Each structure stands twice: as C-alpha cells, then as structure tokens.
Amino acid sequence: IPYIVRGEPVVITDMFTDSTKPDAIVHKWTFDYLREVFRNVNGPNAPKFYVATDEDTKCCRYFEPQYKSQQMQYPYPFAPSAHVYLDSFDGFVDAVRRSNYNAIADNFTKPRLLHYLHENVVFDGRVSISGWNAPEQFVNDINALTERLWPLASKGPFFGGFAYGKTWLGQKGIVMPIHYDAGADNLYTMAWGRKRAIIAEPGQLDSFYRYPNSHPFEGQSQVNLTDPDLDKYPQFKHAKLREAIVGPGDVFYLPAWWWHQFEQPFEDTATLNLWSKDVEKAPISHLRDINVREFLLTHLLEKSVITQLGRKDAKLVGAYFHALANGESSPYYASLNQDKLKQARSIMMEVAKGWQQMVSKEMPGGHPKLKQSAAALVDEYLDRTHRNIMQEIELNGWHPGDAWDLSRSAT
C-alpha cells in the first residue's frame, strides 16, 4: 500500500489467497472456461474480439484498427507486419491450438504465427465487449474482480474509479513492445501464466525515441529492447530500466506514463488490466509529475506543424518532419514546399519557447530542459522522434502525398 499511496509501481502477490472470497478471474479464466462462457452466446449478437497475429519473434506490436487510422489520417506511411482481425472466441482458441500443434509437428523448426487477443471489456465502468453484449458469467467475473481490487485501487492518489478495461490472451513467445499509457493508472491482474515486465520511469524521451502522437504506434518506443540498435538509437544506452515477473494471481500496479514491456517467455497467458479515471478535481498529470512535462512539449511541437499544413496536406506531415530531421539527406526534402518547411521550423521554435515559459511560470519544480535553448529542444525532438521513423519500414516506392497500405488493419 505505501507504494500505491506514493504512486509507484509494485507487484502485489497476496490479493487472492483468502479462500473465503470468490476467486474472480484468477485460476479460473482458462481458454476452455472462457470458450464455454462465450459458446453459449451465438447468432448476430455474439461478441467478436480483436486478435493480432504475426510471426514468432515479431508478434505483436499493437496498432490502432483501420477506422481509427483513417480518423487520424495517418500522417506517416505505415505498413505493419502484424495483421489485426475480428474473430469469435471459438475461432481464436482454434487458431491458438492449431498454431501450437503445427509448432510441435514441425519440431519448432519453422516460423509460426502467434495470436494475441486484445479486447476492450470495460467502458466507463460497465462490462461490455466493444459494443457487444457480454455473457452474464463474464460480467459477474469482472465485477467480482473490481470489487476485490477497489479497496487497493482507492489508495492511489488519483485513482477515482475504474474507467476502462482490456483483456489480453495470448501464446508463449508473444512480446508487447515497450510503451506507455498516458494519463491513467493501471491495475494489471494475471489470471493464469507468467509474464516478464520491463518498466522504466516516465519521461526519458531522449533515451526511448518515442513514436509521434499521430503515428499508429503512438506511445511506443522505436527501440527493440530485445536487440537494441545503438547505431540508430545511441541514447538508449542511458535508459534506466527495471524488471519483474508477474505470475498467476499477482496484481501489478502501474502508474500512468510509466514505460512498460510485457513478455511471455514461459507459457500462454491471460490478463485483465483496468485503467483508472481521475479523482474529482485532480490536477492534470503535467502538473503532478515533472517527468511527464516533456510529453506536453512533444505534443505541442507536432500539433503546430499539423495545424500549419492543414487537412489538405495531412499525408505530407511525415515527410515534412523527416526533412526537418534529416535536412537535404532526406529523400523527401527536394519535393516539399521550402517556404512551408522553413515556416514549420519557425513555428516549432515559437512553440518550444512558449512551453518553456509555461513550465517555468505555471508548473512547480519546472523541468531540467528549461536550461536548453528553444533551437536545441526542437533539434532534439526531431532527432529522437523523426530521424529514423520513415526508414524502419519498406515503403515500396512511396512518395509524399501517396496513399499507404491499410490492408493489414482490422478486418
């Protein structure tokens, strides 16, 4: 409890040891149990689940489904290797077991597809599966869990209730790359299986090379923690990381903005995470924590350029940022409007100065980056966020203004 009161991450290992209380989802949510729960809901009202699939060693980098991608207008070319699809729970379990069977039959010598179900199941505190009616037993299980967790959650300084929740079920070998959740604390309950958690304090944007806000990988790091490329991302060597193993029945309290990567090296797993809503009249997170104030700067810098270019040139945003970060060595530099390019940098300089003034006047404690010049802040942001972002995928002849591949988004 002292960790939660201070807003620090902690693994709680004794939440479900009292045999006189219901177990909620712990040791109960197996594939077979949930299969029976959802098998009793058929027809047009049967729930469908988002499932990500990709080859072993690649699975699964989370990205927004197609409708969200189009809504955001994807200001960066994007061709994900993962495929996100909708399936019944029966279909998901069949896919997992077929994958496991094929791996054994091939003696684990051939690449196989891994499947990772990730579905929203709590909306504004109510159990629902992305608009579908949830089976009564499923609703009862989650309500029993939230009832057990609330006395613990309420100790958090800004935990005002359960806002949203997501269930994660997947195979051994899956890695959810390092990322952060903005603005919401997280209670992460392991139903079965074990996960390795790698976490890092908020901020550290110089080290983690964060994807920009409007990218489908928003909130994630460009660095592969399993095999970091220090030539491309040299500052990652300064990242400060921690590690924990979260096992069946454990509850992992993860405060907002903390970087985290979950790996499944041991066995298949099932997890339910519950995000918080703020207590009434809570200060915004940028006022609470010095470490997250730089996130506000990056948001404002990017938004200023997107606003300048306008909806008509939305698909050019990625190219403009790449040219700003790489200068004439960018393959997009010569094809862009040079006046707009200069104007974009000028606007970013003004935004950086405005951020410094706001932090120094309105945010107690300020921020270490107040010592840097506005030009240095802009250059640092472009270097850490945009220098390599358009080189990590094969664009297959893409040119600024072209449409890009959404074919692997959710279907």
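How many of the residues of strand β12 (residues 259–263) are buried? In this predicted model, 5 of its 5 residues are buried, and the strand is mostly covered. Helix α9 (residues 317–326) is mostly covered as well, with 10 of its 10 residues buried. The points below take the strand and then the helix with its core.

**Strand β12 and its partners**
- In a regular strand the side chains alternate between the two faces of the sheet.
- Trp259, Gln261 and Glu263 lie on one side of β12 and His260 and Phe262 on the other, and both faces are covered.
- Strand β7 (residues 175–179) runs antiparallel to β12 and is joined to it by 3 bridges; methionine 176 stands opposite phenylalanine 262 in β12.
- Strand β9 (residues 195–200) also runs antiparallel to β12, with 5 bridges between them; here alanine 200 stands opposite tryptophan 259 in β12.

**Helix α9**
- The buried residues of α9 include Tyr320, Phe321, His322 and Asn326.
- They pack against three helices: α8 (293–309), α10 (338–362) and α11 (374–386).

**Nonpolar cores**
- The largest nonpolar core has 47 residues, and Leu301, Phe321, Leu324, Leu336, Met348 and Leu382 have the most contacts inside it.
- At least two residues of this core come from each of β2 (49–55), β4 (113–123), α8, α9, α10 and α11.
- Another core, of 45 residues, lies apart from it; among its members are Ile4, Ile129, Phe159 and Leu187.
- Beyond its neighbours within four places in sequence, leucine 324 is in contact with Leu341, Ala344, Arg345, Met348 and Leu382.

Terms used:
Residues are numbered from 1 along each chain as its sequence is written. This is a predicted model: local features need pLDDT of at least 70, side-chain atom pairs count only at pLDDT 80 or more; totals for chains, interfaces and linings use all residues. Side-chain values use heavy atoms; hydrogens and water are left out. Buried means under 20% relative accessible area, exposed over 50%, partly exposed in between (1.4 Å probe, protein chains only). Helices (H or I, at least four residues) and strands (E, at least two) are DSSP runs, numbered from the N terminus. Contact means heavy atoms within 4.5 Å. A nonpolar core is a set of buried Ala, Val, Leu, Ile, Met, Phe, Trp, Tyr and Cys residues joined through side-chain atoms within 4.5 Å. Two strands pair if DSSP finds at least two bridges between them.
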